[in-house]
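Please look over the sequence and the model before reading on.

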Amino acid sequence: MDRPVRELNLELGRPDAAEALRRLAAEVEAARKMGTPAMKLIHGYGSSGKGGRLRTACRTWLRQQELCFLPGEEFSIFNQEARRWLALCPRLRQDRDLDAENRGVTYVLLKK
């Protein structure tokens, strides 16, 4: 059975970066325990045009945790890595941000 992708809106309640990272860590752990194959993080892009604090903090944390992630701006059927993800987690094909170049989201692969 193809498990659903877990979606986490880190912007909800307008938390600071530290609180958003606490929520992210807890949700990644819960998703792993449930056998969730992938997560979609909604962190926004920020009003500066350079990427917001949540986006930057989340992607830095994911790198530090050595988690496999794909920026929303690269989530396209024309991207080789994204196609690999779609093969591993077919439910991602249903995501509304596929081919949208959305810089306000990041995808996390929890199964290899």
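## Basis of the model

The model is predicted: local features need pLDDT of at least 70, side-chain atom pairs count only at pLDDT 80 or more, and totals for chains, interfaces and linings use all residues. Residues are numbered from 1 along each chain as its sequence is written, and side-chain values use heavy atoms, with hydrogens and water left out.

## Helix α1

Helix α1 covers residues 17-34; helices (H or I, at least four residues) and strands (E, at least two) are DSSP runs, numbered from the N terminus. Its 18 residues reach 25 Å from the first C-alpha to the last, close to the 26 Å expected at 1.5 Å a residue, where the expected span is 1.5 Å times one less than the number of residues.

Ala-20, Leu-24, Val-28 and Ala-31 are buried in α1 (under 20% relative accessible area, with exposed meaning over 50% and partly exposed in between, for a 1.4 Å probe and protein chains only). Seen down the helix axis, the buried residues of α1 fall within an arc of 75°, so they line one face; the arc is that of the directions from the axis to the C-beta atoms. Exposed Arg-22 and Lys-33 sit on the face turned away from the buried side. Among what covers the buried residues of α1 are β1 (6-9), β2 (38-42) and α2 (53-64). Just after α1, Gly-35 takes a positive phi of about 75°.

## Nonpolar cores

A nonpolar core is a set of buried Ala, Val, Leu, Ile, Met, Phe, Trp, Tyr and Cys residues joined through side-chain atoms within 4.5 Å. The largest has 16 residues, and those with the most contacts inside it include Leu-10, Leu-24 and Val-108. At least two residues of this core come from each of α1, β2 and α2. Apart from it lies another core, of 14 residues, among them Phe-75, Ala-82, Trp-85 and Val-105.

Rings of Phe, Tyr and Trp (its six-membered ring) pair if their centres lie within 6.5 Å; planes under 30 degrees apart count as stacked, over 60 as edge-to-face and the rest as tilted. The count comes to one aromatic pair. The ring centres of Phe-75 and Tyr-107 are 4.1 Å apart and their planes lie at 35°, so the pair is tilted. Phe-75 lies in the loop between β3 (68-71) and α3 (80-88) and Tyr-107 in strand β4 (residues 105-109), so the pair ties together parts that are 32 residues apart in sequence.

Asp-95, in the loop between α3 and β4, counts as buried at 15% relative accessibility. Not counting residues up to four places away in sequence, Asp-95 touches Lys-40, Phe-75 and Tyr-107, where contact means heavy atoms within 4.5 Å.
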